[in-house]
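Please look over the chain shown below before reading on.

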Amino acid sequence: MTAPDQPVRVLIVDDQALFREALATLLEVQPEIEVVGEAGDGEQAVRRCAELRPDVVLMDLRMPVLDGIAATNRLRVEQPGVRVLALTTFDDDADVFAALRAGALGYLLKDVSSARLVEALVAARRGESVLQPSVAAKLVARVAQLPHEDAPPRQPPVPLSERELDVVRLLAEGRSNREIAGRLFLAEGTVKNLVTGVLTKLQVRDRTQAALRARELGLC
């Protein structure tokens, strides 16, 4: 993985050549991003990852030869250091949960803004989960439907402050640090510190788990 102060090395995977080219053009002007290659299907994506060692793969899901979910499964085994972000037109439940089970770190729709996409790529390199708000809502709703053998505890091991509760509720909506900062009128660095505190107190590894844990605890 490249150093944090270096551009995020990105591989774009999509079966539509025009979309790949347009996305590459959009991303290449961003100083935080370096597009290292493209692939037109999942099989080619796996080969190109082995050659190029990108930090993050932007993975379409519905492709010929090998679809994005199968490719993500293979990358999880063969290239565990590569982060995969699903970037697709569809947010139906089957695709969402299949992609996340396969190992995708995040799930975005193709109508995402360029600023949000760049932020998501940078966050993904850090290992942070990135979810479209509609997808985050689906995930939280699915957890609410799961049966529990025992009632979950109603409080986290360490109580969250009011500000941390505000943050975790916005995390559950799939909001980025920048969006949370704007909503709460805080500096982005402050939000990053609050998110770290939330993860620690909820005893989880990433933002998605924090949202799920908060839902189990009745915090959102």
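Two strands pair if DSSP finds at least two bridges between them. Strands (E, at least two residues) and helices (H or I, at least four) are DSSP runs, numbered from the N terminus. This is a predicted model, in which local features need pLDDT of at least 70 and side-chain atom pairs count only at pLDDT 80 or more, while totals for chains, interfaces and linings use all residues. Residues are numbered from 1 along each chain as its sequence is written, and side-chain values use heavy atoms, with hydrogens and water left out.

**The sheet**

- Strands of a sheet pair through backbone hydrogen bonds, either parallel or antiparallel.
- Here 6 strands form an open sheet with parallel pairing, in the order β2-β1-β3-β4-β5-β6.
- β2 (33–39) and β6 (130–131) stand at the edges with a single partner strand each, so one side of each has no neighbour in the sheet.

**Strand β3 and its partners**

- β3 (residues 56–59) pairs with strand β1 (residues 8–13) in the parallel sense over 4 bridges, and Ile12 stands opposite Leu58 of β3.
- β3 also pairs in the parallel sense with strand β4 (residues 83–88), over 4 bridges, where Leu58 stands opposite Leu85.
- Both faces of β3 are covered: Val56 and Leu58 on one side, and Val57 and Met59 on the other, are all buried (under 20% relative accessible area, with exposed over 50% and partly exposed in between, for a 1.4 Å probe and protein chains only).
- β3, helix α3 (residues 68–78) and β4 make a right-handed β-α-β unit; right-handed means that, with the strands pointing away from the viewer, the path from the first strand over the helix to the second runs clockwise.

**Strand β5**

- β4 and strand β5 (residues 106–109) pair in the parallel sense over 4 bridges.
- The bridge partner of Leu87 in β5 is Leu108.

**Helices**

- In helix α7 (residues 162–172), the buried residues include Glu164, Leu165 and Val167.
- Just after α7, Gly174 takes a positive phi of about 85°.
- Helix α8 (residues 177–184) and helix α9 (residues 188–202) pack at an angle of about 110°, with their axes 9 Å apart; axes are lines fitted to C-alpha atoms, for helices over the stretch in contact, and angles run from 0 to 180 degrees between N-to-C directions.
- α8 and α9 are therefore roughly perpendicular (65 to 115 degrees; under 35 is roughly parallel, over 145 roughly antiparallel and the rest oblique).
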